[in-house]
Amino acid sequence: MRTIALRDALREALHEEMARDDSVFVIGEDVIAHGGPYTVTQGIADKWPDRIFETPIAEAGIVGLGVGAALAGMRPVVEIMYVDFITCAMDEVVNQAAKMRYMTGGQASVPIVIRLPCGPARLVAAQHSQIMESWFMHVPGLQVAAPSTPYDAKGLMKTAIRSPDPVAFFEYKALYVSEGGVPKEDYVIPFGKADIKREGEDATVVAIGGMVPRALEAGIALEDEGYDIEVVDPRTLAPLDMDTICDSVRRTGRAVVCEMDSSFAGSGAEIAAALAERCFHDLRAPIVRVGSPHVPMPFAEELVNVTVPDAGAVCGAVRKVMA
Amino acid sequence: MSLNAELSRRIYTDMWRIRLFEEEALRQTSLGSVKGTLHTYCGEEAVAVAVCAHLRDDDYVLGTHRSHGHCLAKGAPMDRMMAELFGRTTGSCRAKGGSMHIADFSRNILGANGIVAGGIGPGTGTALASRIRKSDQVSVVFFGDGAAARGPFHEGLLFGSLWKLPVVYVCENNGYQQWVPRRNVAVVDSVADMAASYAIPGVSVDGQDLEAVYGAAGEAVARARRGEGPTLIEARTYRFHGHSLGDMEEYRSREEVEEWRENRDPIKLFSAWMKERQWLGDEEDEAIQAEVKAEIAGSVAYAEESPPPSPEDVMTDVLDTEWRVSA
């Protein structure tokens, strides 16, 4: 299998889905010039000049138009340059896109994909570094994808575009250039199917998005200490595959839940709570959560380093559940 | 198409359908059959009917929290609307939406909207869909004067103008933003003047004057269908009832309301206008109202006979759970 970067995998998914379905189109800021800041939309304007829309800086308008186009049967792929900016369009996401099917008694379908580049990268501080997955998990009617590998990114993006319901698609900026195997043939990854990224017997480490490579790194480091961890990547947070996560925890008897965002009321909190409800009697130690402290993302590297959890933080948590 | 006797009678009938539907809904509220709140359109009927008279079945309409009139004017079945207000499974939205989110996708009525200005972005988006598909479907977005203060109004008009999308923005300026007179919170009197910032035509018309709204809407819809871009229409109108149920209406005088009801009622004005032209006789007028009353009674009977939802219905319609992805 060939190896490509995550951003190239996303670009391939977009090109293939646009070729497959005339109703797919792209809309967002700077999506033609340079193919967006992350080059994900590169090449689309050359092939489909009438199906890519470069917009004014108006996120509420961008998402609002996407919702309407989706209601009319199109499949918009919306790029929000930084997830932080989606706050300018939360009404369109929460009150319009997410609730429309329910409020209309099933008449409406809103097949919109909202691409949300997220997470710390290049020291851009508090307004360009958030993750915010839990905000979207909390809204009924939204699906939330957070791939950690090029393979997952492409397969989940294709599913997101074909889905009849809205998807908040989290792309960790720090992972855009990370490489991995991606087949040339068409494939999709269903939502709500977690993936065991590393098998192990001693403890289950549930890792979300950008924490997956860090958990895998921790897995290697912990081998020297004699700990064999299993790393489970939910891949989508809504729907959330608690069955696979619970199966793993029942086998290992220990659970660490890792997210890069603030762990207070975060995505990991839902997973930890569900584990406590469903696997309490299988647990041999209290669940430990790994995440950022509850602070906005700082600027200085010294401060970022003590905010964003790294492989060392995962190792520390595993030692805690093994003690 | 210019107004003729037949079309005028149809429009006039629709005005009565809206007026009496809402008066019945208010009555059913006092009887306890309709629950939740209602934002009535009484007094503003000329706007919805005059605009929708220019629309095809496949044109899109997006509304506000005050959208019974838009739905009826665009052809939503009244019995299903009444059933929705009653919270019955036969309702337009199967008892999931209620008055404030009423929608009928079979008529391309993509929904009332509980968020002020909430329909403007999506209504511009349906117009973008028309553009991409090279269809000549027009989108109409109704909103109140309060919406002109919100960001989505400005962003929506910007996109509509930038890409010359086939959309008509219809502002129903009833003078009050819930309990606050517009003059206390707005810096320009006419919302139509705001069109200049987006380089689109802005037209202000008397919203009680059916002929005036019909004329402005006809031009705007035709312009949109020709691919020449959006128009902003401001219809100056008035709501006869409070903002929603239980409004004490301390912000306006009884005399003011009486004056509008007496001398500025769009139904009375249009009736007189038709009678002047010999397009409507007294007997015919009575027959129209009787026919509408029978339709209203039928819709109430339909709602009353319809079953309420079952507890398990609460979990359906969140996502399309039947859908499965395949390579």
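The model is predicted: local features need pLDDT of at least 70, side-chain atom pairs count only at pLDDT 80 or more, and totals for chains, interfaces and linings use all residues. Residues are numbered from 1 along each chain as its sequence is written, and chains are lettered from A and ligands numbered from 1 in the order in which they are written.

Chain B contains 11 helices and seven strands; helices (H or I, at least four residues) and strands (E, at least two) are DSSP runs, numbered from the N terminus. Its C-alpha trace spans about 65 × 50 × 40 Å along the principal axes. A compact globule of 327 residues would have a radius of gyration near 20 Å, and the 19 Å of chain B agrees with that; the radius is taken over C-alpha atoms, and the rule is 2.2 Å times the number of residues to the power 0.38. Of the 327 residues in chain B, 53% are buried, where buried means that 20 or more other C-beta atoms, placed from the backbone, lie within 10 Å of the residue's own. Among contacts in chain B with a separation of 6 or more, 75% join residues 24 or more positions apart; two residues are in contact if their C-beta atoms, placed from the backbone, lie within 7 Å.

Helix α1 of chain B covers residues 5–31, and its 27 residues should span 39 Å at 1.5 Å a residue; the end C-alpha atoms are 38 Å apart, which agrees. The expected span is 1.5 Å times one less than the number of residues. Its buried residues include Ile11(B), Met15(B), Trp16(B), Ile18(B) and Phe21(B), along with Asp14(B), Arg17(B), Arg19(B) and Glu22(B). They pack against α2 (45–52), α3 (68–73), α4 (78–85), α8 (210–225), α10 (266–276) and α11 (282–305) of chain B. After α1(B) comes Gly32(B), with a positive phi near 90°.

In chain A, helix α1 (residues 6–20) has 15 residues and should span 21 Å; its end C-alpha atoms are 21 Å apart, in agreement. Among its buried residues are Leu6(A), Leu10(A), Ala13(A), Leu14(A), Glu17(A) and Met18(A). The elements covering the buried residues of α1(A) include β1 (3–5), β2 (24–28), α2 (44–47), β4 (75–79), α7 (150–162) and β7 (167–172) of chain A.

The contact between the chains takes 41 residues from chain A and 37 residues from chain B. On the side of chain B that touches chain A, α5 (120–133) and α6 (151–162) of chain B are the elements that give two or more residues. The largest share, 10 residues, comes from α5(B).

Definitions and conventions. A residue is buried if 20 or more other C-beta atoms lie within 10 Å of its own, exposed if 12 or fewer, and partly exposed in between; C-beta atoms are placed from the backbone.
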